[in-house]
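Please examine the sequence and the model before reading on.

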Amino acid sequence: MPRLHALELVPDDTGQEAVRRDWQRLRDAGLPSQLDHDAPTNAPHVSVVSAPELPDAAIDVAHARLGALLPIRARSTGLLVLGGSRVTIARAVDIDDDVVRRVLAVRVQVPDRQHVGWLPHVTLARRVDRSLVQQVVDVLGHDDLVLTLTELRRWDPEKKFVTTLAQA
């Protein structure tokens, strides 16, 4: 599978700390956590689009349509379980309809994007055995989390480099 380039919306320091507390709670409970991914670029984020390549048009549209909206207020109102026998656990993120329309305008610029449609979320753990899902839910609880997304960034896996495209 090719390494995927990505455009991401990143929360402010308060939001980063809140998500990292979830990551730490999972680790403290002996469960998989995004803290297990120790790359210096690993940060809580909402992916806008992922693909083997990002056309310049997608980056331009993202900068113009999303960068101008920063900061973006979002609310996490529940947990998602994505996958088969090994799952990804994520916080579902509710975002204003105008932001969703703008994200879709970016996504249509990327013909080989990883997923059809857009399900905004913040990943908490990957490759979790399905038998551990209830433990994960018990550890994380169900409290809402407000996030203020303040940065639009690009991840380049080939260069292993993050570029900030816009910031509030």
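The cover over the buried residues of helix 2 includes strand 1, helix 3 (97–107), strand 6 and strand 7 (161–167). The model is a predicted one, in which local features need pLDDT of at least 70 and side-chain atom pairs count only at pLDDT 80 or more, while totals for chains, interfaces and linings use all residues. Residues are numbered from 1 along each chain as its sequence is written, and side-chain values use heavy atoms, with hydrogens and water left out.

Helix 2 spans residues 56–65, and its buried residues are Ala58, Ile59 and Ala62. These buried residues fall within an arc of 100° when seen down the axis, so they line one face of helix 2. Asp56 and Asp60 are exposed on the other side of helix 2. Buried here means under 20% relative accessible area and exposed over 50%, with partly exposed in between (1.4 Å probe, protein chains only). Helices (H or I, at least four residues) and strands (E, at least two) are DSSP runs numbered from the N terminus. The arc is that of the directions from the helix axis to the C-beta atoms.

Helix 1 buries Gly15, Gln16, Ala18, Val19, Asp22, Trp23 and Leu26. They cover an arc of only 165° around the axis, which puts them on the same side of helix 1. Asp13, Thr14 and Asp28 are exposed on the other side of helix 1. Among the elements that cover the buried residues of helix 1 are strand 1 (5–11), strand 4 (86–95), strand 5, helix 4 (133–140) and strand 6 (145–156). After helix 1 comes glycine 30, with a positive phi near 75°.

**Glutamine 34**

Glutamine 34 is placed in the loop between helix 1 (13–28) and strand 2 (46–51). Because its relative accessibility is 6%, glutamine 34 counts as buried. Leaving aside residues up to four places away in sequence, glutamine 34 touches Trp23, Asn42, Thr123, Leu124, Ala125 and Arg126, where contact means heavy atoms within 4.5 Å.

On a 1 Å grid over the protein atoms alone, a cavity is a set of points where a 1.4 Å probe fits but cannot get out; a pocket is an open set with protein on both sides within 12 Å along at least five of seven lines, and lining residues have an atom within 4 Å of a point. Grid points are joined across faces, edges and corners, and a volume is the space filled by probe spheres set on the points. By this rule there are two cavities of 30 Å³ or more.

| Space | Volume | Lining residues |
|---|---|---|
| Largest cavity | about 50 Å³ | Trp23, Gln34, Asn42, Ala43, Pro44, His45, Val122, Thr123 and Arg126 |
| Second largest cavity | about 30 Å³ | Gly78, Leu79, Arg91, Leu140, Gly141, His142 and Asp143 |

Strand 5 (residues 121–129) gives the most to the lining of the largest cavity, namely three residues.

The largest pocket holds about 1,300 Å³ of space. It is lined by 38 residues, of which Leu4, His45, Ser50, Gln114 and Arg126 are the closest to its centre. Strand 1, strand 2, strand 3 (72–83), strand 5 and strand 6 each give two or more residues to the lining of the largest pocket.
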